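Subject: Structure handover and notes

Dear colleague,

I am passing on the structure below, together with the notes I made while going through it. Please read the notes with the structure open beside them.

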Amino acid sequence: MNHTLFYQDFNHYRCLESVEKNSHELYLCYCGKQECPPSHEFGPATRTEFLLHIVLDGKGTFSTPSHTYELEKNSIFLIYPNQTTYYQADADNPWTYIWIGFNGPKAETLLRYAGFTPEQQTAFLPDTAPYETAVHGILTSCQLNLSSELRRSQYLYAFVAQLADDLHQAHPGVPEFSYPGSTYVRYALDYIEHHYRQRIKVSDIANYVGISRAHLTNCFNKELKLSPREYLIDYRMNKAKDLLTTTALPINQIASSVGYEDPLSFSKAFKLVTGVSPKSYREN
């Protein structure tokens with residue numbers, strides 16, 4: 001791991017470069033902020049990482065080998081690794097921008113999720129404040145110690161997460177990012193384990209996991225040969241069996257302990273699963 005840091009802080013320019021680079025899914029390379037003078041230019045140049053600029057104020061142009069973009073406040077533009085680009089501040093209303101360079105195995109996937117492609121390298125943001133906050137957080141965490149390293153990673157992920165929130169919905173043709181079905185099921189099972197005592201429903205589990213109820217049901221059927229509702233009921237009934245055989249708690253308290261507000265509903269569900277009532281199960 002390379003832990004070299006180079007930090008600059010001038011009146012109109014702040015930059016942190018050569019931050020630690022490793023094999024993480026996403027890692028920071030550098031970031032900064034600059035109030036550009038009139039007609040200030042950069043390039044033609046290439047980069048070895050993904051580089052995003054966000055225009056906070058003013059105007060300028062961004063050029064790739066195939067296109068030139070006229071950009072203004074709230075615009076964002078992406079430079080791909082090994083792509084030659086050129087950009088210049090407006091002569092009358094020069095831009096102020098922040099930039100962040102990053103890379104890693106997941107970098108291109110996350111950018112594609114936000115709608116960026118080699119044919120679509122610019123977008124418009126509803127609000128630049130969250131991104132400026134993230135870059136400011138990185139710039140003020142420039143010390144070479146573990147806590148600062150963790151904060152830099154935290155702000156980088158916050159930056160990219162905000163980008164996904166802001167831009168993904170604006171590109172309906174971009175497929176949803178998805179995990180394997182087994183991952184969703186494990187996540188759901190963990191939620192059930194910690195929340196079965198509450199009045200949770202399948203819709204609550206799906207919302208927690210972050211997918212639709214139908215998708216969650218498909219994943220459960222494939223992985224467990226059970227629907228989420230069937231699994232939740234079975235889980236609650238197994239917990240109820242334990243309480244019936246190991247405690248003297250009244251049945252209404254057991255019902256409440258496994259997520260049933262109505263003891264009668266609990267008794268019906270218990271008998272449907274086990275073939276006997278809670279009282280008979282305890283006695284036998």
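Is Asn82 buried or exposed? Asn82 is exposed, with a relative accessible area of 64%, where exposed means over 50% relative accessible area, buried under 20% and partly exposed in between, computed with a 1.4 Å probe on protein chains only.

Before the rest, two remarks on conventions. This is a predicted model, in which local features need pLDDT of at least 70 and side-chain atom pairs count only at pLDDT 80 or more, whereas totals for chains, interfaces and linings use all residues. Residues are numbered from 1 along each chain as its sequence is written, and side-chain values use heavy atoms, with hydrogens and water left out.

Overall composition

The protein has 10 helices and 11 strands, taken as DSSP runs (H or I, at least four residues, for helices; E, at least two, for strands) and numbered from the N terminus. Of its 284 residues, 41% count as buried. With contact meaning heavy atoms within 4.5 Å, 67% of the contacts between residues at least 6 apart in sequence join residues at least 24 apart.

Backbone around the strands

Asn82, found in the loop between β8 and β9, has a phi near 65 degrees, a positive value in a residue other than glycine. Asn74 also has a positive phi, near 80 degrees, and is placed in the loop between β7 (68-72) and β8 (75-79); at 11% relative accessibility, Asn74 counts as buried. A cis peptide bond, with omega of about 0 degrees, joins Gly43 and Pro44, and Pro44 lies in strand β4. These points deserve a note because most residues other than glycine have a negative phi, and most peptide bonds are trans.

Thr85, in strand β9, is buried with a relative accessible area of 4%. Leaving aside neighbours within four places in sequence, Thr85 is in contact with Phe42, Gly43, Pro44, Ala45, Phe62, Ser63, Thr64 and Ile79, a list that includes both residues of the cis peptide bond.

Aromatic rings

The structure holds 20 aromatic pairs, a pair being rings of Phe, Tyr or Trp (its six-membered ring) whose centres lie within 6.5 Å, with planes under 30 degrees apart counted as stacked, over 60 as edge-to-face and the rest as tilted. Phe42 and Tyr87 form a stacked pair, 5.5 Å centre to centre and with 25 degrees between the planes. This pair links distant parts of the chain, since Phe42 is in strand β4 (residues 41-45) and Tyr87 in strand β9 (residues 85-89), 45 residues apart. Phe42 is partly exposed, at 33% relative accessible area, whereas Tyr87, at 3%, counts as buried.

Phe266 and Phe270 form a tilted pair, 5.8 Å centre to centre and with 50 degrees between the planes; both lie in helix α9 (residues 263-274), 4 residues apart, about one turn of the helix, and both are buried. Phe42 and Tyr87 also belong to one aromatic cluster with Phe62, Tyr69, Phe77, Trp95, Tyr97 and Trp99.

Helix packing

In helix α5 (residues 202-209), Val202, Ile205, Ala206 and Val209 are buried. They cover an arc of only 100 degrees around the axis, which puts them on the same side of α5, the arc being that of the directions from the helix axis to the C-beta atoms. What covers these buried residues includes α4 (181-195), α6 (213-224) and α7 (228-246).

The axes of α4 and α7 come within 11 Å and cross at roughly 35 degrees, where axes are lines fitted to C-alpha atoms, for helices over the stretch in contact, and angles run from 0 to 180 degrees between N-to-C directions. In this packing, Leu189, Ile192 and Glu193 in α4 meet Tyr231, Leu232 and Tyr235 in α7.

Also in helix α7 is Asp234, which counts as partly exposed at 30% relative accessibility. Asp234 and Phe270 are 36 residues apart in sequence and 9.0 Å apart in space, C-alpha to C-alpha.
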